[in-house]
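Please open the model in your viewer and keep the sequence panel beside it. The stops below say what to select next and what is there.

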Amino acid sequence: MEPEEPTQARISAEIAAAHRAAADPEEAAAGHPPRAFAPYRSSALRHPRQPLVAAGGDPEAVERGGPVFGVTDVTDLDADLTAQHLGEPIGERITVTGQVLDRAGRPVTGQLVEIWQANAAGRYAHRRDRHPAPLDPHFTGVGRCLTDAEGRYRFTTVRPGAYPWRNHTNAWRPAHIHFSLFGTAFAQRLVTQMYFPGDPLFPYDPILQSVTDPAARSRLVAAYDHDLSTPEWALGYRWDIVLDGPAATPPDPEDPR
Ligand SMILES: [Fe+2]
């Protein structure tokens, strides 16, 4: 028999308890969500149960290698999610840009940034997404670009909608864009999510709330930037990403989508 689906009240109580018990203030401040965060139900099944293996020998050696993507692998069209089909997608057109930085605040240049997201109705163009919201024939929701000489990335897309998921009864994810960054070394690999300011769903979402430090959580929320908005065209959001160090952008605990 299926266990009874928890209510939002129970999940919210668990989130509050987890925040109170955020045992290691240093870890919390670094923004790393715990590997198992009970209110985020599926994390209990997927997190590693053995201690992580330290990079053997010279830890610096880990920093020397990294994936390499060339300019010929990525075209300008890849960064415009509104121009990948014959027609334009439905939704609020937005520009999302920011700088990718390392722990010393240096721009991380020429690196691959990938994004994926739901459409304006909150539906992914993915066979496993059964949310009964419309697919958009003009929106795939996948983009990528390379950071420029100042470490900047830039995407044109539509604002994604919130969507329901099966974590608990009446569970809805706040609108978000998934980001994957390779950085210049494997130790800088970051998979995370960007949120939109002022979303009323923040307190209810166990994935965002798995980052127990409020300051670290706020680093996952983009800023609306009126100067970045383009007249008659698009609203602008700015979101800087720090790959490692104490001010690092918190990773996604393990959301597969
Ligand atoms: Fe998602």
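UniProt positions are given here in the numbering used for this model, feature names are shortened, and annotations may be inferred rather than shown by experiment. Residues are numbered from 1 along each chain as its sequence is written. This is a predicted model, in which local features need pLDDT of at least 70 and side-chain atom pairs count only at pLDDT 80 or more, while totals for chains, interfaces and linings use all residues.

Begin by selecting residues 96-124, the range that an unreviewed UniProt entry annotates as "domain: Intradiol ring-cleavage dioxygenases". Over residues 96-124 the chain is 0% helix and 38% strand, with the end C-alpha atoms 19 Å apart; helices (H or I, at least four residues) and strands (E, at least two) are DSSP runs, numbered from the N terminus.

Next, select Val100 and Leu243, which touch the most other members of the largest nonpolar core, a set of 40 residues. Such a core consists of buried Ala, Val, Leu, Ile, Met, Phe, Trp, Tyr and Cys residues joined through C-beta atoms within 7 Å, where buried means that 20 or more other C-beta atoms lie within 10 Å of a residue's own, exposed means 12 or fewer, and partly exposed lies in between, with C-beta atoms placed from the backbone. Among the elements giving two or more residues to this core are helix H1 (8-20), strand E2 (112-116), strand E7 (176-181) and strand E8 (190-195), and E1 gives the most, with four residues.

Stay on Val100 and display its contacts, that is, residues whose C-beta atoms, placed from the backbone, lie within 7 Å. Leaving aside neighbours within four places in sequence, the contacts of Val100 include Val113, Tyr153, Leu181, Ile241 and Leu243.

Now move to E7, where five of the six residues are buried. Which strands pair with E7, if pairing requires at least two bridges found by DSSP? E2 runs antiparallel to E7 and is joined to it by four bridges, and E8 pairs with E7 in the antiparallel sense over six bridges. Centre the view on Phe179, the bridge partner of Ile115 in E7, and then follow Phe179 to its bridge partner in E8, Thr192.

Finish with two loop residues. Most residues other than glycine have a negative phi. Asn170, in the loop between strand E5 (163-164) and strand E6 (172-173), has a positive phi of about 65 degrees although it is not a glycine. Asn170 counts as exposed because it has 11 C-beta neighbours inside 10 Å. Glu232, also not a glycine, has a positive phi of about 60 degrees and lies in the loop between strand E9 (223-224) and strand E10 (235-238). Glu232 is exposed, with 4 other C-beta atoms within 10 Å.

How values were computed. Contact = placed C-beta atoms within 7 Å. Pairing = 2+ DSSP bridges.
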